[in-house]
Amino acid sequence: MFSDTLLARLKKAYTVVVLTGAGISAASGVPTFRGENGLWKKFRPEKLANFYTFSQNPELVWEWYQWRRELIYKVKPNLAHYALVDFENIFPEFCLITQNIDNLHQEAGNKKIIELHGNIMRNKCSSCGKPYEGDFDLKNGIPKCSDCGELIRPDVVWFGEFLPQEAIQKAQEMAMASEVFFSIGTSAVVEPAASLPYIAKGNGAYIVEINIEKTPLTSSADEFLQGAADKILPELVIEINKLR
Ligand code: APR
């Protein structure tokens, strides 16, 4: 399944970078966005995941994120998440860049994580940015900031919003430094994350894509491993451990 080139690269690799998307959490039961039963098939992102709707109808947006939180509380990391914890322990310099807000990489045990789109388990003031941990009981109304009195919102990046500057900058630096760059379970269409594999390739990295189907990145990838991440990644870890 794995080419000699990939195994040779991984045998001597120092810096390995992984970009993940919703597909890596599919085996845990978290719906993807654009897949068959994807969230965006049922809900309109421009109606829910943006600041304008939140300013007009915060109850609707909060209810939707509470629903997603409850869904995520019920699931556990899968073998693909745990395989990336092995990656972090194997490669001297490792970085996991995730578009996912489901906290499953963190729950599996990865530490070297860059969250590009925030984290659904966190909240912040929609005005002053003050962070708020934990859940809110919406029966008491939409929570307000104790500092500035403005509404509190989930600490996730909505459509039309900038990514955290520090996160995207660090992600681009790590992509440039990578020797092997994995793109796993992402449709590779949402920017600026979708540009990261090309930045890595432009700096000489070997690009590996793992996905159940082809994406716009596939033709530029050096290796396309078609299949479920929770099947392919544990097998790759076994091969890597034989080499190092
Ligand atoms: N293993 C590997 N890949 C999978 C699996 C699986 N078990 N199941 C689905 N996939 C692939 C799909 O083929 C698809 O290419 O995962 C990808 C999921 O794509 P999207 O649903 O578009 O999710 P993602 O790429 O993470 O979306 C990017 O868009 O909606 C915004 O902010 C949201 O972070 C998200 C961003």
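Colleague: In which helix does His105 lie?
Modeller: This is a predicted model, in which local features need pLDDT of at least 70 and side-chain atom pairs count only at pLDDT 80 or more, whereas totals for chains, interfaces and linings use all residues. Residues are numbered from 1 along each chain as its sequence is written, and side-chain values use heavy atoms, with hydrogens and water left out. Helices (H or I, at least four residues) and strands (E, at least two) are DSSP runs, numbered from the N terminus. The run that covers residues 104–108 and holds His105 is helix H7.

Colleague: Does His105 count as buried or exposed?
Modeller: Buried means under 20% relative accessible area, exposed means over 50%, and partly exposed lies in between (1.4 Å probe, protein chains only). The relative accessibility of His105 is 1%, so this residue counts as buried.

Colleague: Which residues does His105 touch, not counting residues up to four places away in sequence?
Modeller: A contact requires heavy atoms within 4.5 Å. With sequence neighbours up to four places away set aside, the partners of His105 are Thr20, Ile24, His81, Leu84, Leu96, Thr98, Asn100, Asn110 and Ile113.

Colleague: Which residues touch the most other members of the largest nonpolar core?
Modeller: A nonpolar core is a set of buried Ala, Val, Leu, Ile, Met, Phe, Trp, Tyr and Cys residues joined through side-chain atoms within 4.5 Å. In soluble globular proteins, nonpolar side chains tend to be buried together. Here the largest such set has 30 residues, and those touching the most other members are Phe87, Phe182 and Leu233.

Colleague: Which element gives the most to this core?
Modeller: The elements that give two or more residues to this core are helix H1 (4–12), strand S1 (15–20), helix H6 (79–90), strand S2 (93–98), strand S7 (180–184), strand S8 (206–211) and helix H10 (229–243). The greatest contribution, six residues, comes from H10.

Colleague: How many residues does the second, separate core have?
Modeller: Phe87 has contacts with Val16, Val18, Phe94, Phe182, Leu233, Leu236, Val237 and Ile240, not counting residues up to four places away in sequence. The second core is separate and includes Leu39, Tyr65, Cys145 and Leu151. Its number of residues is 21.

Colleague: What is phi of Ala188?
Modeller: Ala188 is also found in the loop between S7 and H9. Its relative accessible area is 15%, so Ala188 is buried. Phi is positive, in a residue other than glycine, and is near 60°.

Colleague: What distance separates the C-alpha atoms of Ala26 and Asp230?
Modeller: Ala26 sits in the loop between S1 and helix H2 (39–42). With a relative accessible area of 38%, Ala26 is partly exposed. Ala26 and Asp230 are 204 residues apart along the chain, and their C-alpha atoms are separated by 9.2 Å.

Colleague: What radius of gyration does the protein have?
Modeller: The protein contains 10 helices and nine strands, and 51% of its 244 residues count as buried. The radius of gyration is taken over C-alpha atoms, and the globule rule is 2.2 Å times the number of residues to the power 0.38. For 244 residues, a compact globule would have a value near 18 Å, which agrees with that of the protein, 19 Å.
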